[in-house]
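Take this structure from the whole chain down to single residues.

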There are 2 protein chains.
Amino acid sequence: MVTELPLDQVRTLLAVVDEGTFDAAAAELHVTPSAVSQRVKALEQRTGRVLLVRTKPVRPTESGAVVVRFARQLARLERDARAELGMGGAEEEPTRVSIAVNADSLATWFLDALTRVPSEPRLCFELRREDEAHTAALLREGLVMAAVTSASEPVAGCSVRLLGRMRYVAAASPGFAERYLAGPLREALPQAPVVTFDRSDTLQDAFLRRLRRSGTGAIRHQIPTSEGFVAAIEAGLGWGMVPEIQAGTQLREGRLISLAPERPVDIPLYWQQWKLDSPALATVAEVVARTAADVLDA
Amino acid sequence: MVTELPLDQVRTLLAVVDEGTFDAAAAELHVTPSAVSQRVKALEQRTGRVLLVRTKPVRPTESGAVVVRFARQLARLERDARAELGMGGAEEEPTRVSIAVNADSLATWFLDALTRVPSEPRLCFELRREDEAHTAALLREGLVMAAVTSASEPVAGCSVRLLGRMRYVAAASPGFAERYLAGPLREALPQAPVVTFDRSDTLQDAFLRRLRRSGTGAIRHQIPTSEGFVAAIEAGLGWGMVPEIQAGTQLREGRLISLAPERPVDIPLYWQQWKLDSPALATVAEVVARTAADVLDA
């Protein structure tokens, strides 16, 4: 864009989005609410776009989200520059690294990666549990700088790299298998109770399609945490697709049975991050990629 | 209300909210989109309220949410009656019980409760991870029938009972305690890195206030799963308030140290549920209350 974006207006927009109301942003910026309102209007005139939906709390429009991300990246670059220059305040304030992580990665390998990040420079990790539907929005609005996600499509302004594949196997408790899965799997499984993660979890259906069956049985539980999901299957509530690296112990000890070891489902995981030259983010990206290479399938 | 609510219009509103658009609701109900639109308008005229915000997907207004909950309760009563009458279709279709559960309960005692529910009548459990900000809305819109929550204020149309208290203790890894917590706790703790669950997690701050200190240190990690939260503290990323029943093993084995065993923080947990005479819901409520009585403090 050739027209310059006045940075005080950009920062004001960010404050409004972060604080939720014009009044709260005014208090945060130590100006009057009418000054906040004027700056946002001026920015909207300059960009020729409506940037905010005036709800409570306010929400950025699609165009607003672009400006908000720009504002956050600006703040980040400024902080990095201050830190490199050894300027006052920078050393007390650790760098925040906000990342959306899909639930199964968070339950298995991702925390290991974080503990491998060098303790200097000092970082704060702000993790969010990825929700496929919202991660793109979080990246677009700059609420997270990066994401571990199964979405391969790059979000606008982001780069993508493949981390590896997470292997899922159909599993059930021995008692459950005995009660519900006595016959051939492709006959018995579609009738048996199933455990799913949430409404958008289609992994169990995908597995049934591989058996050339469609639709799961009438009993379909939803257990929306990774650990709870595996625990529910172990407790015999239903069958489900479990990550091999998460349920390894249970599978080895026979508390879970792999129903079709020859038919795993591999889900590729990607690292999406802002195109931004931040040393902190680069360090984390590097450690995450290395840890993923150790634990995930290539 | 004296004015009757025409049930076909009520069901149509529910379909629009569940499907997200008038077109999708029309397909679901096998009528034309204009019929859907007319029914919703007729219902809005009759109630004298705007019931839907026409976004994509549509959202119910506050008044709309009341009608939507009514529609769901209606559907539930009808299903229960069909099941009791042994009418066709009822036995293939298990009763769905949707419950919002706070993350720490889900990570500790709640699944135990579910496995104690008798296997007849056949139930489907649809759990949602409670998000304090949204649970009231989920109950109000009828997206969940019940909730395990720390919110004691009854949601409109719901009854509340106390389940018990969950005890939290300040904990850290031995290595972390040695590095950051050598001096008196009330001096050292406010400076040390802290692990929090998410932005709305104020338990750590509440504990510092008990030590007559305000505000945590500059490094404040966010790990938004219960299991990840405890694992991050065990890995030495920071200190944090852990549920005693969740971290019992780590505390006994010395992998976690209780920093101030004499100063636990007790959080009361409540069961909120629709005021509705559903046998399935009553059964679950009973088992949940009994399990909670076994594991939580009175």
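Of the 298 residues in chain A, 51% are buried. Buried means under 20% relative accessible area, exposed means over 50%, and partly exposed covers the range in between, with a 1.4 Å probe and protein chains only. This is a predicted model: local features need pLDDT of at least 70, side-chain atom pairs count only at pLDDT 80 or more, and totals for chains, interfaces and linings use all residues. Residues are numbered from 1 along each chain as its sequence is written, chains are lettered from A and ligands numbered from 1 in the order in which they are written, and side-chain values use heavy atoms, with hydrogens and water left out.

Chain A exposes about 13900 Å². Carbon and sulfur atoms supply 50% of that area. The areas come from the Shrake-Rupley method with a 1.4 Å probe; for residues, only the protein chains shown count as cover.

Now the fold. Chain A holds 13 helices and 11 strands. Both are DSSP runs, numbered from the N terminus: helices are H or I with at least four residues, strands are E with at least two. Along the principal axes, the C-alpha atoms of chain A fill a box of roughly 70 × 40 × 30 Å. Contacts in chain A with a separation of 6 or more come to 73% from residues 24 or more positions apart. A contact means heavy atoms within 4.5 Å.

Charge comes next. Chain A carries 35 positive and 38 negative side chains. The centres of the two sets lie 5 Å apart. Lys and Arg count as positive, Asp and Glu as negative; His and the chain ends are not counted. Each charge is placed at NZ of Lys, CZ of Arg, CG of Asp or CD of Glu.

One annotation comes from a record. An unreviewed UniProt entry places the feature "domain: HTH lysR-type" at residues 5-61 of chain A. UniProt positions follow the numbering used here, feature names are shortened, and annotations may be inferred rather than shown by experiment. The span 5-61 of chain A is 63% helix and 7% strand. Its end C-alpha atoms lie 17 Å apart.

Helix 4 of chain A, residues 62-84, contains A:R76. Is this arginine, A:R76, buried or exposed? A:R76 is buried, at a relative accessible area of 6%. Beyond its neighbours within four places in sequence, A:R76 is in contact with A:T95, A:R96, A:M145, A:L276 and A:S278.

Backbone angles close the tour. Most residues other than glycine have a negative phi. B:H30 has a positive phi, near 60°. B:H30 sits in the loop between helix 2 (22-29) and helix 3 (33-47) of chain B, and is exposed at 72% relative accessible area. B:R212 also has phi near 60°. B:R212 is in the loop between helix 10 (203-210) and strand 8 (220-222) of chain B, and counts as exposed at 66%.
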